[in-house]
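Hi everyone, thanks for making time this morning. Let me put the structure up, and then we can walk through it together.

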Amino acid sequence: MNEIATNTAKFLLQVKAIKLNNDNPFTWASGRKSPIYCDNRVTLSYPEIRTFIRQSFVEVIKEQFGEVDVIAGVATGGIAQGALVAQELGKPFVYVRSEEKKHGLTNQIEGEIHEGQTVVVIEDLVSTGKSSLIAVRALREKGCIVKGMAAIFTYGLAVAAKNFEETDVALHTLTNYDTLIQVASEESYILPEQMASLTAWRVNPEKWSDDHMN
């Protein structure tokens, strides 16, 4: 585990941006049961953590993507994070909706961006990657060159890896599920015997959900 991944996981657990509960699983919007619930927007309320995440994003972007013209945030979780990163880098910022607005200018991309510009997309959380990659497609349709995506956290699901590979998008995250549950165990957020169940969820979340349905 690298230092950024470990410290990010510690911060997310510390402020309960990520909650783990094997015994009373959370219900996602899809109706599926899960032992984990993630709301990284909570980190924005803590200046020290907000600054750490911003600077970690900047480091990842410089190391993995090099020079970039524009930073784009995915609505809604990636908007604030993306704006903070763009400010630190001194770059223009736009954000991308999941679909075009139904009124006004009917924009999907909010802000000024031009064909041929290079972009790094900022996201707070990657689950299957489906909603995140909608933003990538919108930017490409605008004629932009998407260098890749940076996110705070990924569940590390196989379906996400497949979706990013098929869309030819490089994804770099500050931390990930495996690091998170390892840190959670070391910091006594979970019991050692709960590790097997948490690992089983990541391998097959559908089966885990079915097994834990009331």
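Predicted model: local features only at pLDDT ≥ 70, side-chain atom pairs only at ≥ 80, totals over all residues.

Two or more lining residues come from each of β3 (33-34), α5, α7 (195-203) and α8 (205-211), with α7 giving the largest share, 3 residues. By type, the lining splits into 7 nonpolar, 3 polar and 4 charged residues. The space inside is about 210 Å³.

Now, the largest pocket. This one holds about 700 Å³ of space, and 29 residues line it. Nearest its centre you will find Ala29, Leu125, Ser127, Ser131 and Tyr155. At least two lining residues are supplied by each of β4 (36-38), β8 (118-126) and α4 (130-141), and α4 contributes the largest share, with 5 residues. Here the lining has 12 nonpolar, 11 polar and 6 charged residues.

Next, please look at helix α5 again, residues 158-167. Together with β9 and β10, helix α5 forms a right-handed β-α-β unit. The two strands, β9 at residues 145-154 and β10 at residues 171-176, run parallel and pair over 5 bridges.

Last, the cysteines. The disulfide count is 0. Are Cys38 and Cys144 buried or exposed? Cys38 counts as buried because its relative accessibility, 11%, is under the 20% cut-off. Cys144 is buried too, at 7%.

Definitions and conventions
Residues numbered from 1 in each chain as written. Heavy atoms only, no water. Pairing = 2+ DSSP bridges. Helix = DSSP H or I, 4+ residues; strand = E, 2+ residues; numbered from the N terminus. Right-handed = clockwise from strand over helix to strand, strands pointing away. Disulfide = S-S within 2.5 Å. Buried < 20%, exposed > 50% of the residue type's maximum accessible area, 1.4 Å probe, protein only. 1 Å grid on protein atoms, 1.4 Å probe; cavity = no way out; pocket = protein on both sides within 12 Å on 5 of 7 lines; lining within 4 Å. Points joined across faces, edges and corners; volume = space filled by probe spheres on them. Nonpolar A, V, L, I, M, F, W, Y, C, P; charged D, E, K, R; others polar.
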